[in-house]
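Please read this briefing alongside the sequence and the model.

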Amino acid sequence: MNVYHFKKGTEICNYSYPFKILSIRLNRQRLVVCLEESIYIHNIKDMKLLKTIMDTPLNTTGLCALSINHANSYLAYPGSATSGEIVLYDGNTLKTACTIPAHDGPLAALTFNSTGSKLASASEKGTVIRVFSIPGGQKLYEFRRGMKRYVNISSLVFSMDSQFLCASSNTETVHIFKLEHLTDSRPEEPPTWSGYMGKMFQAATNYLPAQVSGMMSQDRAFATVRLNISGQRNICALSTIQKLPRLLVTTSDGHLYIYNLDPQDGGECVLIKTHSLLGSGKMEENKENDLQPPVPQSYAATVARQSTVPSTSTMPGYSEDGGALRGEVIPEHEFATGPVCLDDENEFPPIILCRGGQPGKAKRS
């Protein structure tokens, strides 16, 4: 694993591990390296190894999630290779917070919301998605993605305001769920046929087996997207562009799809634009002409020019609010103390590159 300085394009350090690196997660406080049967936790300030979690259950996909809120750097990883048990680990205190019996089958997806107060999970069946409170582990929501077929969940992500949860799989349908707090003080529904049937089904759950009644009480998708492809791996993101909620879907064939999301009524999302990430870079527009996103300078290009120091006027910095466009500085007090100089006001956080466990002696610059 190589750690590079984002602005200077120089190497900070590199580490070797006994087995292949499967995934890397980091926030402003911790860096987590996940192997098949062990997890390494580093201090992001000085890259010192703080904790090694040994003999974890077999985790061939490197499944784990780290809260981006460094104030509570919770880490979630599978607690069993045969069931959907989640181990919640506190990356700050370096202690196990709790164990959550999330699903019957093995886990396939884990994700925290932006504040680290909620954790969403899905099993290998991909039919039910559950949301738990953190750090207590109580179940808050249960959503049903589908009943007809099992799917492989490829992406599970919260919106930044934690009001929506998006799930995509190897099928052509992307599901968006709305996280609403239902109370007993809801206004009385109008006397419609659908309202009458809803009350009848709700009353019937008291007389049905627990498995059936639980299925009937699970919430369905608030909004959906029908992709024009199926069977391809994809990654989704819920974002706000020019104060409007958008769904972004990137597929393995090199396309970015931008959809409109109606935050009030949901329903079928409308495709706005399609962008080719591998071709000429032309944007195919459906409706709007004001969503042309700026293309940030790639880090790979910066590393390729390590002999020259990038100009501050052309090399964008990092900011959680503005991404790579605003160049805001990370305050010193938000890092832990340590010998590596990442704390002056002109410094930026490191970028991690994994070379598949290629051997190398640890060093620091």
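β13 and strand β14 (residues 139–144) pair in the antiparallel sense over five bridges; strands are DSSP runs of E, at least two residues, numbered from the N terminus, and two strands pair if DSSP finds at least two bridges between them. This is a predicted model, in which local features need pLDDT of at least 70 and side-chain atom pairs count only at pLDDT 80 or more, while totals for chains, interfaces and linings use all residues. Residues are numbered from 1 along each chain as its sequence is written, and side-chain values use heavy atoms, with hydrogens and water left out.

**Partners of β13**
- Ile129 has Phe143 in β14 as its bridge partner.
- Five residues lie between the strands in the hairpin of β13 and β14, where Gly137 takes a positive phi near 85 degrees.
- Strand β12 (residues 118–123) also pairs with β13, in the antiparallel sense and over five bridges.
- Phe132 in β13 stands opposite Leu119.
- The β12 and β13 hairpin has four residues between its strands, and Gly126 in the turn has a positive phi of about 75 degrees.

**Burial of β13**
- Six of the six residues of β13 (residues 128–133) are buried, meaning under 20% relative accessible area (1.4 Å probe, protein chains only).
- Val128, Arg130 and Phe132 are buried on one side, and Ile129, Val131 and Ser133 on the other.
- In a regular strand, side chains alternate between the two faces of the sheet.

**Open sheet**
- Five strands form an open sheet in the order β15-β16-β17-β18-β22, with mixed pairing.
- β15 (153–158) and β22 (267–268) are at the edges with a single partner strand each, so one side of each has no neighbour in the sheet.
- β15 runs antiparallel to strand β16 (residues 164–169), joined by five bridges.
- Ser155 stands opposite Ser168 in β16.

Note on methods:
Buried < 20%, exposed > 50% of the residue type's maximum accessible area, 1.4 Å probe, protein only.
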